[in-house]
Amino acid sequence: MALTPTILQDAILMVQEGKFGSFENRLSEYGALRSFKENAPRLLPESAVVNMKKSVRRTEKVPVLNKYSATVLNAPSCNVTGNEQTSAYKSLTWAFVGFETKIVPSDFEDNYITETEGFAQQLAMGWKAVFASLDTSAVSTLEANKSAALVESAGSRIATEAGQYAYSGDVEEMFINIPGLLMINDLNGPYNDIANSESQSTMKKIEAFGANNYFNANGVSQMGDYKHFLTNRISPLPDREAHYICPDGSIGIYNWVDSDSRANRVAGNKSWGTFRDPMFGFDWSIFKIEDCVDASGTNGNARAYVQKAQIGAWFAFVTEYSSDSTSPIIKIVRRDQA
């Protein structure tokens, strides 16, 4: 049978080992997606989020407490008024992302390409598309949830703009200034730096100032305060660089697969199942249909066996709750000096 579990596993391993890592199948830089994935366990327990989801239509909410300004006393008193708290819900929005495959085994009977290789290439192209889509959603989530109430900077080369800081100082001093910007917003490290791929030029210049140079800027960026993620989904123009910086555990992505797929249901020529991708470790549903197709135009078989599959999963991007316009996500752009 085409696309049996063994063939599926072989195809996954083939992608993982890089057999299809040539020019047209090369993967991109998905730093934004990777940062959400790595931070998820520190934001919300992944198992709890998945267990609460239960069904496709169920709306998932997390109860939270709103912040308030505590009353500062200047004298003791027998009259205790106290402060009243208010609560709210942080809603998780789930979206389905997937792709389709189609294999006609008889197409490979007189072909140098094997059925497993053909399916592996379809997996590689499908994941390339969905990972780019998820990475784009990650960047959109950062932009939509960045702080809109930044504390004014006193730096002469740092302009405080609507929703972002604009840095125009020396390149090698950028990461010396950033911790201060985060700290005046009451945000402490370690930090995640999600930036456009071209920003590595700054990192390369900083690396040139190592410990044996007169100015060791490299020590600042490598001292454990930062973890850097590059993505091709940030378009910083007309700024040279754009960085979204947030403390560990401020962001997360959660992954869910429907119950029929988890239960490996079978209905006639249709079947449901799951598997895990080798790049990010997300769980995916695979819905397969076995059928008859006229393949006379490709292999001469007018009643060929075909197996079509829809591979997909539900995803939720989450950021830390804020009851006002502040946020742990700080956007910083670097502009070349005039």
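Two strands pair if DSSP finds at least two bridges between them. Keep that in mind as you explore this predicted model.

**Exercise 1.** Find out how β8 and β14 pair, and over how many bridges.

*Solution.* Start with the sense of the pairing: β8 and β14 are antiparallel. Next, count the bridges, and you will reach five. Finally, look for a facing residue: glutamate 241 is opposite arginine 334 of β14.

**Exercise 2.** Which strand runs parallel to β14, and how many bridges join the two?

*Solution.* Look at β5, residues 164-167. Three bridges link β5 to β14. Here tyrosine 167 is the residue that stands opposite arginine 334 in β14.

**Exercise 3.** Work out why β14 is largely enclosed by the rest of the structure.

*Solution.* Buried means under 20% relative accessible area. Take one side of β14: Ile330, Ile332 and Arg334 are buried.

**Exercise 4.** Locate the largest nonpolar core and the element that gives the most to it.

*Solution.* This core has 43 residues, and those with the most contacts inside it include Leu123, Trp127 and Phe275. Among the elements that give two or more residues to this core are α1, α4, β8 and β13. The top contributor is α4, with 10 residues. Now zoom in on phenylalanine 275: its contacts include Leu8, Ile12, Trp284 and Ile311. Apart from this core lies another one, of 16 residues, including Tyr167 and Ile332.

Terms used:
Residues are numbered from 1 along each chain as its sequence is written. This is a predicted model: local features need pLDDT of at least 70, side-chain atom pairs count only at pLDDT 80 or more; totals for chains, interfaces and linings use all residues. Side-chain values use heavy atoms; hydrogens and water are left out. A nonpolar core is a set of buried Ala, Val, Leu, Ile, Met, Phe, Trp, Tyr and Cys residues joined through side-chain atoms within 4.5 Å. Buried means under 20% relative accessible area, exposed over 50%, partly exposed in between (1.4 Å probe, protein chains only). Helices (H or I, at least four residues) and strands (E, at least two) are DSSP runs, numbered from the N terminus. Contact means heavy atoms within 4.5 Å. Lists of a residue's contacts leave out its neighbours within four places in sequence.
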